[in-house]
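Look at the chain below and follow its strands and helices from one end to the other. The report after it describes how the parts are packed.

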Amino acid sequence: MSHPPRSPFWLGLLSPGLAAAAGAACYVTLTRMSANPDADFLFRLTAVAVAMAIPPGIALWMAVRVFRARTASWKDWTGGGIALLALGLLWVPVDGAVRRARQAANLALAGVPAPEFRAADLDGNEHRLSEHRGSVVLVNIWATWCPPCRAEMPLLDELARERADQGFAVFGISTEDEATQQDFRETVLSVDYPLLLPQTSDGPMADIYVETARWPANFLIDRDGLLHPAPSTEQPFSALEAAVDRMLAAPAPASP
């Protein structure tokens, strides 16, 4: 005698939480195991999406069996409906993969002009990238909640001071609001290089600077105003320092 199919109610009801927990556990585990988190982000986010799909997927499979047996009750419809909605959580890793891919493409740009910006810093002073033509510029994308950013910023501050007389400048850009950044500077960490606000006098900054999916991220701009890939922030800071020194050793562009 065959048994009636099991109701998807409880698994469906719990599927949003289970999907989120499975995704988080998968991401943390794979990130810790990764030898190069920058290179395998697409694999990790794909694995996260698969892990998140399992609980609601099983609940939907159970719901289909119940519906086919024509024994569905309001509980079965509820469980199946919640499981279907839980699949919408897959947008989180999918969106993350798309944004990371865009940012990876931006960070890999080489030999192309860096987009201009005219932006105010936290003290109200205005800065133009074009004013630093002839200098080497590092643009650091950071966030107040980002532990690696907090670790890197004092090193960038020291590098900026030590190389200033060689024609080196650092700008920090965070997409967070001014009040959040001001509070961070006053209570957590202060640096001497300018921290720019993303909303410029000409409108929002170019996407290359604000379309960010990982923090921190660095853009290196040579004396001719051209972008160059910076060493990954997963590498020791000495790799970034060496890249800056190589650019500083290059001759300045001829005056027009």
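What follows covers the sheet, the cores, a pair of helices and a few single residues.

This is a predicted model, in which local features need pLDDT of at least 70 and side-chain atom pairs count only at pLDDT 80 or more, while totals for chains, interfaces and linings use all residues. Residues are numbered from 1 along each chain as its sequence is written, and side-chain values use heavy atoms, with hydrogens and water left out.

**The sheet**

Helices (H or I, at least four residues) and strands (E, at least two) are DSSP runs, numbered from the N terminus. Two strands pair if DSSP finds at least two bridges between them. Here 5 strands form an open sheet with mixed pairing, in the order β5-β4-β3-β8-β9. Its edge strands, β5 (195–196) and β9 (227–229), each pair on one side only. Helix α4 (residues 91–107) packs on the sheet and touches β8 (217–221) and β9. The direction of α4 makes about 25° with that of β8; axes are lines fitted to C-alpha atoms, for helices over the stretch in contact, and angles run from 0 to 180 degrees between N-to-C directions.

Within the sheet, β3 and β4 pair in the parallel sense over 6 bridges. Val136 stands opposite Phe168 in β4. Of the 6 residues of β4, 6 are buried. Buried means under 20% relative accessible area, exposed over 50%, and partly exposed in between (1.4 Å probe, protein chains only). In a regular strand the side chains alternate between the two faces of the sheet. In β4, Phe168, Val170 and Gly172 point one way, and Ala169, Phe171 and Ile173 point the other way.

**The cores**

A nonpolar core is a set of buried Ala, Val, Leu, Ile, Met, Phe, Trp, Tyr and Cys residues joined through side-chain atoms within 4.5 Å. The largest one has 27 residues, and Leu138, Met153, Phe168 and Leu220 have the most contacts inside it. Two or more residues come from each of β3 (136–141), α5 (147–163), β4 (168–173) and α8 (237–249). The most, 6 residues, come from α8. Contact means heavy atoms within 4.5 Å. Leaving aside neighbours within four places in sequence, Phe168 is in contact with Val136, Leu138, Leu159, Ala160, Arg163, Val244 and Leu248. A second, separate core of 18 residues includes Ala119, Ile141, Tyr209 and Ala217.

**Two helices**

The axes of helix α2 (residues 41–68) and helix α3 (residues 74–86) come within 9 Å and cross at roughly 145°. On the α2 side, the residues in contact include Pro56, Leu60 and Phe67; on the α3 side, they include Asp76, Trp77 and Leu84.

**Single residues**

Which residues in the loops can be described by their accessibility? Two are listed here.

Arg70 has a positive phi of about 55° although it is not a glycine. Gln235 and Asn36 are 199 residues apart in sequence, yet their C-alpha atoms are 9.5 Å apart in space. Pro216 is found in the loop between α7 (207–210) and β8. The peptide bond from Trp215 to Pro216 is cis, with omega near -10°.
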